[in-house]
Structures are given as structure tokens and as C-alpha cells.
Amino acid sequence: MEVFVCIHAHFYQPPRENAWLEAVEVQDSAFPYHDWNERIAAECYATNATSRITDESGRIREIVNNYAKISFNFGPTLLSWLERNSAEVYQAVLAADSESRQRFSGHGSALAQAYNHIILPLASSRDKHTQVLWGIGDFEHRFQRRPEGMWLPETAVDLETLDILAEHGILFTILAPHQAKRIKRIDGGEWLDVGGGKIDPSRPYLARLPSGRTIALFFYDGAISHAVAFEGLLSNGERFAHRLLAAVAPDRSGSLLVHIATDGESYGHHHHGGNRALAFALHTIETQKLARITVYGEYLELHPPQWEVEIVERSSWSCTHGVERWWTNCGCNAGRHPGGNQGWRTPLREALDWLRDSLTPVYEQKMRELGFDPWKTRNDYVRVILDRTPSVVDSFLTGRTQRALTLDEKISTLQLLELERHALLMYTSCGWFFDDISGLETVQVIQYAGRALQIANRLLGDALEPRFMELIEKAKSNISEHDNGRRIYEKFVKPAMVDLPAVGAHYALRSLFGEYPEQPSLYCFSAFQEFFKSAQIGRTKLVVGCVRITSNISWEEQRFCFGAIHWGDHNVSGCLRPCQSSDEMEAHFVQELFDTFNRGELPASLEALEKSMGATCYSLRNLFRDDQRHILSIILESNLANAEGVYRQVYEDNAPLLLFLKDIAVPVPRALAAAAEYVLNASLKREFEESILNLSRIQNLVDAAKMHGVALEGPMLALTIRNRMERIAEGLGKRPSDLDSLRELDALANLLPLFPFEINLRTVQNIFFQILREVFPVLQKKARRRYKTAVQWTTLFKTLGEKLGVRTD
């Protein structure tokens with residue numbers, strides 16, 4: 001009997017990008033990370049690219065790329081985020097697929113995924129085709145090959161979906177065991193009932209489709225997959241390996257496949273250390289020759305299906321009722337609102353279906369008027385989504401119509417295609433998965449609907465939004481303050497909407513806090529500065545200018561004249577108006593305005609701006625969230641410095657008293673305790689940010705914190721120390737023989753035991769391990785020949801390895 005093992009990981013995050021800015025804005029709940037994508041990337045996607053295999057004492061003996069030995073898929077929208085924000089992890093994923101093709105007889109680890117994770121059985125036939133084609137197009141662009149398999153979001157399936165996969169060249173997909181209805185041998189025999197998860201998962205099956213096509217199906221081992229996801233199996237890698245092999249019946253003959261499928265985030269995010277358990281399980285299976293590691297494509301080539309299967313129509317892996325979770329109050333939920341209900345799911349889907357069906361004839365008609373095949377063009381639009389370089393976009397447009405398009409017609413075409421893109425994004429499955437319509441994931445899909453409505457408004461006038469609001473109002477929240485879908489739309493979606501004037505206002509206000517280059521990028525917009533002038537009196541600043549704002553998505557463009565005043569602190573006022581050219585900033589007006597400002601007549605300056613630019617006034621509230629935070633940090637910096645001075649005086653005046661109170665067990669007054677905590681934490685943070693480390697001062701501050709019983713701010717200090725160590729390690733990676741950098745890194749490592757919190761050393765260990773592989777052997781040879789510097793370096797390097805938990809022998 002030959003045993004094969006395949007572990008599939010479905011890596012996916014719901015799109016979190018602001019629908020107007022095409023970027024994820026800061027999410028405080030993910031602190032100390034910028035947002036949840038960044039946090040989960042650090043906890044899971046990065047850790048699987050550089051996973052540790054440790055010895056008996058917990059020291060790292062190998063760092064491996066898990067992706068190269070498992071089957072996996074990444075959601076295209078997640079890969080897009082990784083490409084922009086975590087290039088090292090993104091490249092590791094691509095490299096793993098390339099490496100796996102050498103390992104698995106030419107078959108890669110990576111599978112494609114239907115584009116933005118919509119529940120395909122609930123989609124129109126047209127949308128199913130686009131989702132599959134966009135998933136394939138995205139995969140080919142990134143992995144430079146055709147996908148053999150495709151992951152279905154939530155494994156939600158019907159025969160039409162399978163037929164569309166087969167039509168577009170997909171050879172197989174993966175389903176849950178309870179999605180099989182009955183089976184029989186291909187060479188004849190009776191149908192056998194396997195409903196309720198009774199199917200044998202150790203072989204592939206053939207599904208015959210209504211068109212006459214066929215597709216191979218793998219049904220994963222449900223019990224082991226459940227243990228990985230929910231029963232703590234990832235707490236021990238060796239136990240994980242043996243649980244996989246325990247699925248092999250001793251009386252079986254021939255070849256068989258043990259395979260599981262779970263959310264990829266189980267390996268590091270949902271279960272801390274899950275990536276290490278995965279790496280160790282694979283290592284155990286390989287080194288002990290317990291089974292042959294494989295991927296689905298390789299196994300399918302070696303062992304074509306001998307059985308055929310009929311599926312349970314409109315079923316999925318995460319809803320016991322089929323696909324009801326994504327449109328009805330079926331009872332499936334995440335348990336966040338006990339006693340609540342999900343009755344909002346049906347009116348939400350009905351509102352979105354109405355919007356889609358209202359947009360379709362408009363899109364179709366206007367695209368035909370412009371000379372395009374509307375649906376073929378939409379199916380091909382993934383090429384533009386992947387590369388918005390103007391020449392690429394222009395070639396895409398001109399190559400699909402016989403007409404010579406004007407610039408305005410190109411803009412209209414791009415707007416229509418974006419209308420359809422957002423009409424697809426608004427069906428992302430996470431919008432229905434959780435418990436309330438006010439949840440982040442549901443607000444996100446309503447944002448996409450809002451973006452589609454905004455584009456439709458430009459094409460049709462204000463025709464659709466009122467009816468959409470009526471429909472979504474029927475979706476009732478479990479949280480009284482949010483009331484219903486209309487209130488949520490007004491509260492969370494309308495304020496997030498962005499247009500060119502909003503970008504112009506952002507540019508104007510942001511320029512008060514540091515001048516832009518002549519052609520900065522503002523999220524998915526470009527700004528070209530045509531005129532700019534500023535003046536400052538103390539903390540008060542005036543700017544005026546002219547800027548041309550262009551959407552990099554739709555090519556819309558508008559020019560604005562603007563003026564803004566920073567009065568000090570958080571008080572900012574700005575005005576702008578559309579203009580035809582910078583010449584409209586009349587020289588005499590600008591001169592008079594600056595003369596007025598320089599005389600200190602600030603109210604008169606604002607009055608002149610409003611008279612020239614318009615009465616609509618913008619404030620710090622109108623800045624996009626990340627820049628708003630950045631500017632507030634600038635404003636708060638001096639205020640916090642003043643506050644720290646006061647706290648420091650209080651602490652230094654009372655430090656002996658605080659020690660005495662502690663010694664005689666008298667509670668320290670809250671005001672004095674707060675002063676000590678603030679000062680000691682701020683001082684420690686500053687010490688780690690200094691250009692030269694003062695080790696004795698850091699030791700003294702830590703000792704003082706212990707003496708006063710002060711709690712150290714773990715997340716803040718851990719991030720500060722980690723950043724300092726990573727900066728030094730990155731420098732060492734570029735100049736490995738630099739003894740000074742090695743000494744400083746070693747000195748920092750010496751300090752780690754002082755702190756009562758864990759510091760993430762992953763990046764430092766990765767760099768150290770790379771030097772261990774590539775540089776250490778060379779310098780070790782020199783050290784054996786008594787080269788003084790090499791002896792010093794290797795001795796210190798080994799010492800540092802002990803502190804970082806890496807074996808160097």
C-alpha cells in the first residue's frame with residue numbers, strides 16, 4: 001500500500017480596502033499593526049513562508065517555506081494586497097509554487113480561486129463566468145501558468161458552477177465530505193448512498209456534468225480537518241503527523257490519499273504556532289518516510305478517478321443548510337449576538353440583487369453604444385485590474401472596439417467597467433457570514449454598493465439610490481443604535497464616499513503640514529501641482545495653490561484652486577473651487593491675501609478665501625483617515641512633550657516617597673502612580689529610539705519600573721524594541737562581517753530577558769539564519785586559520801545565536 005498525504009490551506013481575507021481609495025485604512029483593533037491584513041500577514045502568511053523546525057530544546061535548526069510542500073490557494077484580492085504591502089511574503093508564495101513544480105512532477109502547489117469569494121450557487125450565470133475567468137486571469141498573471149484546480153468560496157457548489165469550471169479548463173476542485181450524495185464505479189455497478197459525509201475521502205471522483213463535460217472532485221477528510229480547525233490538533237506537530245497517518249486503514253491495499261482542507265489562517269493566526277506544527281508534521285512524515293507528500297494535480301495524474309459521484313446541489317462547507325447562510329436567517333452564525341437573528345440577510349441580498357439587475361441594462365446599452373461587447377469586455381477587464389498602467393489600459397480599450405474613442409468616451413467606458421466591478425465586489429461572501437448587518441464585513445459590501453450607486457448617479461442622475469435605501473431599510477440590525485440598513489448606509493457608507501473635490505480638499509489641507517512633491521500619488525489618485533505658495537507666522541500657516549486631480553482608475557480629472565489656514569493645534573480651515581487653469585489664481589488677489597495674513601489679520605484672511613473659493617469650508621475631519629492620524633500625531637507631539645515635562649517633574653519630586661509608600665504597603669495615590677508609569681515608559685521608548693544605545697540607562701529604567709511596581713506598556717515597547725533590532729539586523733544582512741552591528745544586536749539581545757513580554761524576533765532570526773547559511777561557513781574557516789577578526793566574529797555570532805534561539809552547530 002502506498003500512502004499519499006496532501007494538506008490544503010485556503011488563505012483568504014475579506015477585502016478591507018476603502019471602496020473609493022482602494023487602500024486599507026488604519027484599524028485600531030489590529031494594534032500594534034496598522035490593520036487586520038497586516039496583522040494576519042505577520043501572524044500567518046509571513047510565518048508560513050519562514051516556518052521554524054526546532055530541536056528538543058526549542059532552538060531553530062531549520063527555516064522552511066511551508067507553501068512549497070502543501071496545496072494552497074490565496075484569494076486574488078488578498079494576493080493583490082500582499083503584492084503592494086508585503087512584497088517579501090508575496091514573492092515567497094510565488095517562489096513556493098515554482099519550487100513545488102520541481103517537487104511534484106511538474107504540478108504546482110497553488111490553486112486558483114473564484115475572484116472575490118462570492119457564493120457561486122447564488123450568483124447569476126454571467127457573474128459565475130466572470131468570477132471564474134477573473135480568478136484564472138489573476139492566477140496566470142501571478143504564477144505564470146494555467147491553474148489545474150480552483151477553490152470554490154466556502155466550497156459552495158452546484159452543477160452549473162462545476163460545468164463553468166470545466167468549460168474554462170479547470171480539472172478539479174475540493175469539497176467537504178457531506179457534499180457528496182452518491183457514488184458508483186465508473187466501469188459499472190449500482191449507485192451507493194454516501195450522504196451525510198459517508199464518502200471515502202481517500203480517492204478522487206469524477207462528476208459528469210449537464211453539458212457532457214466532466215470534472216474531478218476531491219472530498220477532504222472531515223474529521224481531521226475539523227480537528228485542525230477547532231480541536232487544538234496544531235498544538236503539537238508530531239501528533240498532527242500521526243493523526244494524519246491514523247486515517248489509513250490497515251486492511252487497505254493499493255494507493256490511497258489522506259488529505260485535509262481548512263482555512264489557511266489556522267496555521268498561525270487562529271492557532272498561534274500552527275505554522276510550526278505544520279512544518280514539523282511535514283518534516284516528520286518526510287524524514288521518517290511515513291508517506292509521500294503530494295498535491296492534488298500530481299495525485300490526479302498518477303491515480304485518475306475510478307469512481308463517479310453525484311453532489312448535493314447548493315451545498316457548502318460552512319452551512320449545514322446548504323447555502324442558506326448567505327441569504328436567509330438559517331440559524332448559522334458566529335455567536336456574537338446571542339438571542340439575535342440574521343433576518344437582515346434576505347433584504348440585504350434582495351437590495352443588492354435589485355441594484356445589480358437595475359445596473360445591468362444600463363451597462364449593456366451604454367457599452368454597446370461605445371462599440372464594445374459588454375460581457376466579453378467585462379470578462380477581460382481583470383487585465384486592467386492587474387495593471388492600470390495608462391498604456392496598458394489604452395491598449396485594452398482600443399483593442400476591443402472599432403470606434404476611435406475620445407478621452408471622454410474612454411472615461412465613460414472605464415466608469416462602466418468599474419460599475420460592474422463593484423457590482424461583483426458587493427457580493428463578497430463575508431457580508432452575510434457573520435451576525436449583524438453593522439459588522440465590518442457587511443458594511444464593506446454595502447460600501448461597494450455605494451460606490452456602484454455613485455458611478456450610476458453620474459450616468460443616470462439620482463435615480464437608483466432612493467429605491468435602494470428603501471429596500472435596505474428592511475434589513476434590521478440586532479444593535480438598537482444601528483437600527484437598520486438605511487441608517488448603516490447613512491452612518492458608515494455616505495461619510496466614506498470620495499469624489500474629486502474631496503481629494504482636492506485633502507490635498508489642500510495636507511499641504512499645510514509639509515509640502516507635496518509636484519506629482520504625488522494620493523491613494524488611487526494623482527495630483528499635479530500647478531501653483532503653490534505658503535506663509536507662516538508662529539504656529540499659523542497659510543497655503544494657496546492650484547492642483548489637478550486625476551483618478552488612476554477611471555481617468556476622470558478636475559482642476560481646483562484652493563486655500564487653507566492652520567490656526568494652530570487641530571484647528572484647520574480650507575476652501576476650494578473648480579477652475580480651468582492656475583491663471584484663475586489672480587496675482588493681485590494672492591498678493592493681497594498674503595499681505596493681509598502677514599499683518600496678522602487672520603479672520604480677514606479666511607473671509608477673503610471664502611469669498612474667492614466658495615463658502616464650503618473643510619476641516620481636519622475631512623482628511624482621509626491615515627493622513628488625519630499622521631497630522632494629529634504631529635499636532636499632539638508638542639502637547640505630549642509638554643505633558644511629559646509636567647509628569648516628569650511630579651515623578652522626580654516624589655520618587656523617594658513612592659518607594660517609601662511601597663515599602664510600608666501604603667497604596668500609592670493614583671496621580672503619582674500615573675506620573676511614574678507615564679515617565680518610565682516614555683523614557684524607555686525614547687532610549688530605544690536613540691541613535692546610540694545606553695545600556696546602563698535602560699537597565700536603570702527597568703529597575704526603577706520594578707521598584708515602583710510600574711506596568712510596562714508591552715505592545716508599545718515590544719514594537720519599539722523589535723523595530724530597533726530589525727533595523728540593525730537588516731543592516732547586518734547587507735554587511736554581514738560588520739562587527740559593530742553584530743555587537744549592537746548582541747547587546748540588544750542581552751536586554752530581552754529584562755522585559756516581561758514577548759518580542760517578535762522572526763525577522764531578526766530570518767536574517768540571522770540566512771547569514772548562518774551563507775556567510776558563517778566562510779568566516780568559520782578563516783577563524784580556524786586564526787584570523788583574529790574572524791575569530792571575534794564567529795565567537796560573537798554563536799553567542800548571539802544562543803540568545804536568538806538559533807542553533808549554529
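Trainee: Which residues touch the most other members in the largest nonpolar core?
Mentor: This is a predicted model, and in it that core has 158 residues. Ile7, Tyr45, Phe74, Leu82, Phe240 and Leu244 touch the most other members.

Trainee: And which helix gives the most to this core?
Mentor: That would be helix 16, residues 440-460, which contributes 9 residues.

Trainee: What other core lies apart from the largest one?
Mentor: There is another core of 54 residues, and its members include Met725, Ile767, Leu779 and Leu800.

Trainee: Back to helix 16 for a moment. At what angle do helix 14 and helix 16 pack?
Mentor: Helix 14, residues 407-425, packs with helix 16 at an angle of about 155°, and their axes are 8 Å apart. Angles over 145 degrees count as roughly antiparallel, so helix 14 is roughly antiparallel to helix 16.

Trainee: Is that crossing left-handed or right-handed?
Mentor: Helix 14 and helix 16 cross in a left-handed way.

Trainee: Which residues make the contact?
Mentor: From helix 14 you have Gln415, Leu416, Glu418, Leu419, His422 and Leu425. Helix 16 answers with Val445, Tyr448, Arg451, Ala452, Ile455, Ala456, Arg458 and Leu459. Sorted by type, the residues of this contact of helix 14 with helix 16 are 9 nonpolar, 2 polar and 3 charged.

Trainee: Okay, new spot. How do helix 28 and helix 29 cross?
Mentor: Helix 28 covers residues 776-784 and helix 29 covers residues 788-804. Their axes come within 8 Å and cross at roughly 130°. Helix 28 and helix 29 are therefore oblique to each other, and their crossing is left-handed.

Trainee: Which residues of helix 28 and helix 29 make that contact?
Mentor: On helix 28, look for Phe776, Leu779, Gln780, Lys782 and Ala783. On helix 29, the partners are Ala790, Val791, Trp793, Thr794, Phe797 and Lys798. The contact of helix 28 with helix 29 divides into 7 nonpolar, 2 polar and 2 charged residues.

Trainee: What about the loop between helix 28 and helix 29? Which residue there has a positive phi although it is not a glycine?
Mentor: Arginine 786 is found in that loop, and its phi is positive, about 70°.

Trainee: Is arginine 786 buried or exposed?
Mentor: Arginine 786 is exposed, with a relative accessible area of 72%.

Trainee: Where does alanine 665 lie, and what is its phi?
Mentor: Alanine 665 sits in the loop between helix 22 and helix 23 (670-689). Its phi is near 60°, a positive value in a residue other than glycine. At 66% relative accessibility, alanine 665 counts as exposed.

Trainee: Let me go back to helix 29. How does helix 26 cross helix 29?
Mentor: The axes of helix 26 (residues 739-751) and helix 29 come within 10 Å and cross at roughly 25°. Helix 26 and helix 29 are therefore roughly parallel to each other. The crossing is left-handed.

Trainee: And which residues make the contact there?
Mentor: Helix 26 brings Leu739, Leu742, Arg743, Leu745, Asp746, Ala749 and Asn750. Helix 29 brings Thr789, Gln792, Trp793, Leu796, Phe797, Thr799, Leu800 and Lys803. By type, the contact of helix 26 with helix 29 has 8 nonpolar, 4 polar and 3 charged residues.

Trainee: One more topic: peptide bonds. Is the bond from phenylalanine 31 to proline 32 cis or trans?
Mentor: That bond is cis, with omega near 15°. Proline 32 has its place in the loop between strand 1 (2-11) and helix 1 (36-49).

Trainee: Last one! What does asparagine 598 touch, not counting residues up to four places away in sequence?
Mentor: Asparagine 598 touches Ala535 and Ile537. Asparagine 598 is in helix 20, residues 587-598, and at 48% relative accessibility counts as partly exposed.

Definitions and conventions
Residues numbered from 1 in each chain as written. Predicted model: local features only at pLDDT ≥ 70, side-chain atom pairs only at ≥ 80, totals over all residues. Heavy atoms only, no water. Axes fitted to C-alpha atoms, helices over the stretch in contact; angles between N-to-C directions. Helix = DSSP H or I, 4+ residues; strand = E, 2+ residues; numbered from the N terminus. Parallel < 35°, antiparallel > 145°, perpendicular 65-115°, else oblique. Left-handed = near helix turned anticlockwise from the far one by under 90°. Contact = heavy atoms within 4.5 Å. Nonpolar A, V, L, I, M, F, W, Y, C, P; charged D, E, K, R; others polar. Core = buried A, V, L, I, M, F, W, Y, C linked by side-chain atoms within 4.5 Å. Buried < 20%, exposed > 50% of the residue type's maximum accessible area, 1.4 Å probe, protein only.
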